[in-house]
Amino acid sequence: MAEGFLMEVCVDSVESAVNAERGGAGRLELCSSLLEGGLTPSLGLLQVVKQYVKIPVYVMIRPRGGDFLYSDQEVEVMKKDIELMKSHGADGLVLGALTEDGRVDAELCMELLAAARPLPVTFHRVALETLVSLGFQRVLTSGCDTSALEGLPLIKRLIDQAKGRIAIMPGGGITERNLQRILEGSGAQEFHCSARSSKDSAMKFRNTCVTMGASFSAPEYGLKVADVSKVRTLNAIARNTL
């Protein structure tokens, strides 16, 4: 089953998208602001990425950081973003919405799925039977824990429960050191990772007294980019495991 697995890499730049494909990724999750867990990218980023890669590009629909309880205005933004991403070449979408008590917002998800058709949609939270009944194609999950490795027992139970009705895709803290254990322990056929390395800015002029954004934001003169060698290593591990 070496050809049966799929590696999805989350990216927030053209360089990362190209590197992920070169390393053997089978699908991209395209976002902005991975520091906030991924937000909706610009149309410009989607269009240029599509010019440079051939693998499917799934676009994150998330209008802001923080929780997944959205206001009416934020839902308007999400629907408009879905419309625009569909018309500009997105191969699939990634989204999620919860009620104030933490349950899947089935009513809103039905509206968003209807807007997304005929594109496949990944949900990035877990409530399996609800998601199967709504018609989602896959769930991206860390097993409701800090990482996929920590959440491995729940991921395994979800895969057993899903019985092929919906794909369960582990994600969160997946590295070369733990991928084999996660795949063997869960039985997953897809996985999600960033496979990033730090890259120094090419800027020669640097003003360390002035920064963009809050103090907890990413360093201005350091970039995080998908690493071809890391993607290849993860790809090889998966091939040897499955």
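This is a predicted model: local features need pLDDT of at least 70, side-chain atom pairs count only at pLDDT 80 or more; totals for chains, interfaces and linings use all residues.
**View 1. Helix α7 meets helix α8.** The axes of α7 (residues 179-186) and α8 (residues 228-241) come within 9 Å and cross at roughly 35° (axes are lines fitted to C-alpha atoms over the stretch in contact, with angles from 0 to 180 degrees between N-to-C directions; helices are DSSP runs of H or I, at least four residues, and strands are E runs of at least two, numbered from the N terminus). On the α7 side, look for Leu179, Gln180, Leu183 and Glu184; they touch Leu234, Ile237, Ala238 and Thr241 of α8 (contact: heavy atoms within 4.5 Å).

**View 2. Phe123 pairs edge-to-face with Phe136.** Their rings sit 5.1 Å centre to centre, with 75° between the planes (rings of Phe, Tyr and Trp, its six-membered ring, pair if their centres lie within 6.5 Å; planes under 30 degrees apart are stacked, over 60 edge-to-face, the rest tilted). Phe123 belongs to strand β5 (residues 121-123) and Phe136 to the loop between α5 (128-134) and β6 (138-141), so the pair ties together parts 13 residues apart in sequence.

**View 3. Arg27 sits over Tyr58.** The charged end of Arg27 is 4.9 Å from the centre of the Tyr58 ring (the rule: NZ of Lys or CZ of Arg within 6 Å of the ring centre and within 35 degrees of the ring normal).

Terms used. Residues are numbered from 1 along each chain as its sequence is written. Side-chain values use heavy atoms; hydrogens and water are left out.
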